[in-house]
Amino acid sequence: MKIIKTADYNEMSKVAANIIAAQITLKPNSVLGLATGSSPIGTYKELISKYENGEIDFSDITTVNLDEYKGMPRTNEQSYYYFMNDNLFNHVNIDKDRTHVPNGMAEDAELECKEYEELVKSVGGVDLQLLGLGRNGHIGFNEPSEEFAKETHCVDLTESTIEANKRFFASAEDVPRQAFSMGIGTIMAAKKIVVVVSGADKAEAVKKAFTGPVTPNVPGSILQFHGDVTVVCDAEAYSELEK
Ligand code: GLP
């Protein structure tokens, strides 16, 4: 595992975007695993600039997103489907038919999870997975638990995550209580993983996940067992590693 300290959110975003751009250049038909949340927004902005400058081409790229709120229509601005279109897909030359986000409105949750897992496999697996890190060490929506979930599954969100994500909603009551998320096994099958982490409120999670014991109580800690992970932190998120 490589942990890079950058000065701030902008530099973190540039470094992460450079790694993703290199992936696209080396393999123009890459399958990118994508994440939502505040952490990757800057990375997506940098990728859009690179596209506009003619540095990268998304025409052969396929994407699979990590997760989606259960019961969230795609037209809702808080859906991860909407987020991805708004923050990346609408601004680059990607074929939307090759972009995939779990369907939060699927009537049969179990079937949706099974089909999404199969979809990830059917596109050939993920070449590069971009991740954020939750304050409680979650990746995707794999919350702290007694065991690592292997495949795409339906998750009950923890109070900590509901609290962290309520800033996007009118109140905590409006935050969905469940989500569909790729499993730890799905994420670990990616060939390459890039994690972006910013802010002092993530410093403890960074220390625990990337230098502490590997445990399902800190889901991101499993990444220590992956052979090709780059964690890109801003100075605040990195700060606990220097103590
Ligand atoms: C969210 C998402 C994760 C994200 C994490 C951190 O709940 N499900 O994929 O990485 O929490 O979010 P943020 O980057 O906004 O801090």
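**Exercise 1. The parallel sheet**

In which order do the seven strands of the open sheet with parallel pairing run?

*Solution.* Keep in mind that this is a predicted model.
- Step 1: Trace the strands across the open sheet; the order is 1-10-9-6-2-3-5, and the pairing is parallel.
- Step 2: Look for the edges. Strand 1 (2–5) and strand 5 (99–100) each pair on one side only.
- Step 3: Strand 1 joins strand 10 in the parallel sense over four bridges, and I3 has V231 in strand 10 as its bridge partner.
- Step 4: Helix 1 (residues 9–26) lies across strands 1, 2, 6, 9 and 10, running at about 160° to strand 9. Helix 4 (residues 109–122) lies across strand 3 and strand 5, at about 150° to strand 3.

**Exercise 2. A residue in strand 3**

Find T62 and work out whether T62 is buried or exposed.

*Solution.* 
- Step 1: T62 belongs to strand 3, which covers residues 62–65.
- Step 2: The relative accessible area of T62 is 9%. The cut-off for buried is under 20%, so T62 counts as buried.
- Step 3: Now check the surroundings. Setting aside residues up to four places away in sequence, T62 touches S30, V31, L32, R98, H100 and V123.
- Step 4: Take V31 from that list. T62 and V31 are 31 residues apart in sequence, yet their C-alpha atoms are 4.7 Å apart in space.

**Exercise 3. The antiparallel sheet**

*Solution.* 
- Step 1: Strand 4 pairs with strand 8 (residues 178–181) over three bridges. Here D67 has S181 as its bridge partner, while Y69 stands opposite A179.
- Step 2: H153 stands opposite S181.

**Exercise 4. Two packed helices**

At what angle do helix 2 and helix 3 pack, and which residues meet?

*Solution.* 
- Step 1: Helix 2 (residues 41–52) packs against helix 3 at about 40°, and the axes are 10 Å apart.
- Step 2: From helix 2 come I41, Y44 and I48; from helix 3 come F83, M84 and N87.
- Step 3: Sort the contact by class: five residues are nonpolar, one is polar and none is charged.

**Exercise 5. The largest pocket**

What is the volume of the largest pocket, and which residues are closest to its centre?

*Solution.* 
- Step 1: The volume is about 670 Å³.
- Step 2: The pocket is lined by 36 residues, and those closest to the centre are T36, G37, S38, N165 and R167.
- Step 3: Strand 4 (67–69), helix 3 (80–87) and helix 5 (159–165) are the elements that give two or more residues to the lining.
- Step 4: By class, the lining has 14 nonpolar, 15 polar and seven charged residues.

**Exercise 6. A serine in a loop**

Why does S221 count as buried?

*Solution.* 
- Step 1: S221 sits in the loop between helix 7 (203–211) and strand 10 (229–233).
- Step 2: S221 counts as buried because its relative accessibility is 0%.
- Step 3: Apart from neighbours within four places in sequence, the contacts of S221 are A209, P213, V214 and T215.

Note on methods
Residues numbered from 1 in each chain as written. Predicted model: local features only at pLDDT ≥ 70, side-chain atom pairs only at ≥ 80, totals over all residues. Heavy atoms only, no water. 1 Å grid on protein atoms, 1.4 Å probe; cavity = no way out; pocket = protein on both sides within 12 Å on 5 of 7 lines; lining within 4 Å. Points joined across faces, edges and corners; volume = space filled by probe spheres on them. Nonpolar A, V, L, I, M, F, W, Y, C, P; charged D, E, K, R; others polar. Buried < 20%, exposed > 50% of the residue type's maximum accessible area, 1.4 Å probe, protein only. Contact = heavy atoms within 4.5 Å. Pairing = 2+ DSSP bridges. Axes fitted to C-alpha atoms, helices over the stretch in contact; angles between N-to-C directions.
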